Amino acid sequence: MADNGQRLILAFDFGTRRIGVAVGNELLHSARELTPLPARDGIPDWNVVTRLIEEWQPDLFVVGLPLNMDGTESLMSTRARKFGNRLHGRYGKPCEMVDERGSTQEAKQIAHAAGHRGNYREESVDGIAAVLILEGWFAHQEGLPGGRSAY
């Protein structure tokens, strides 16, 4: 495993139909979206996840935690935590949960500004949301304003 500050990180934006994925380099604070994982009721094809892990060899997972706007847990945050626990259990890598409030709305604004036509089922913004989750995690690690709180 790489030293803190030099880790490769896979970030996930948990969803019931799709799970957004981004990969990032802690040293460069760079993140880019990958192809979202299809999911059935929040469960991905674990063979596809395994191939992703084998390809990228991440040191850490970051999973967005969809809290309610008042900071309380929601059904989706419970499911996202379960997904994070499964990642950790299956692949033995640490997993950090990150407050992702507002990331999907921000992703939609970014996509709209880039010419997205608004059909989010057909053209998802899950990968953009995963990038925002990871960028928020980087900011939090640096103690920068706007950094999302880790749980």
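Visitor: In what sense do strand 1 and strand 5 pair, parallel or antiparallel?

Guide: Strands of a sheet pair through backbone hydrogen bonds, and either sense can occur. In this predicted model, strand 1 and strand 5 go the parallel way, over four bridges. To find the spot, look for Ile9, which stands opposite Leu60 in strand 5.

Visitor: And how many bridges join strand 1 to strand 2?

Guide: Six, and this pair runs antiparallel. The link between strand 1 and strand 2 is a hairpin through four residues. Start from Asp13 if you want a landmark: its bridge partner in strand 2 is Gly20.

Visitor: What is the order of the strands in the sheet?

Guide: Read it as 4-3-2-1-5-6, an open sheet of six strands with mixed pairing. Strand 4 (43-44) and strand 6 (95-99) are the edges, each pairing on one side only.

Visitor: Which strands does each helix lie across?

Guide: Take helix 1: it lies across strands 1, 2, 3, 4 and 5, running at about 160° to strand 3. Helix 2 lies across strands 1, 2, 4, 5 and 6, and its angle to strand 5 is about 170°.

Visitor: Back to strand 1, then. Is strand 1 mostly covered or mostly exposed?

Guide: Mostly covered, with five of its six residues buried. As a general idea, side chains in a regular strand alternate between the two faces of the sheet.

Visitor: Which residues have the most contacts inside the largest nonpolar core?

Guide: The general idea is that nonpolar side chains tend to be buried together in soluble globular proteins. Here the largest such core has 22 residues, and Leu10, Phe12, Phe83 and Leu87 have the most contacts inside it. At least two residues of this core come from each of strand 1 (8-13), strand 2 (18-25), strand 3 (30-40), helix 1 (46-56), strand 5 (60-65) and helix 2 (75-91). Another core, of twelve residues, lies apart from it, with Val62, Ile133, Leu134 and Phe138 among its members.

Visitor: Let me zoom in on Leu87. What is Leu87 in contact with, leaving aside its neighbours within four places in sequence?

Guide: You'll find Leu87 in contact with Phe12, Trp46, Val49, Phe61, Val63 and Gly92.

Notes:
Residues numbered from 1 in each chain as written. Predicted model: local features only at pLDDT ≥ 70, side-chain atom pairs only at ≥ 80, totals over all residues. Heavy atoms only, no water. Core = buried A, V, L, I, M, F, W, Y, C linked by side-chain atoms within 4.5 Å. Buried < 20%, exposed > 50% of the residue type's maximum accessible area, 1.4 Å probe, protein only. Contact = heavy atoms within 4.5 Å. Pairing = 2+ DSSP bridges. Axes fitted to C-alpha atoms, helices over the stretch in contact; angles between N-to-C directions.
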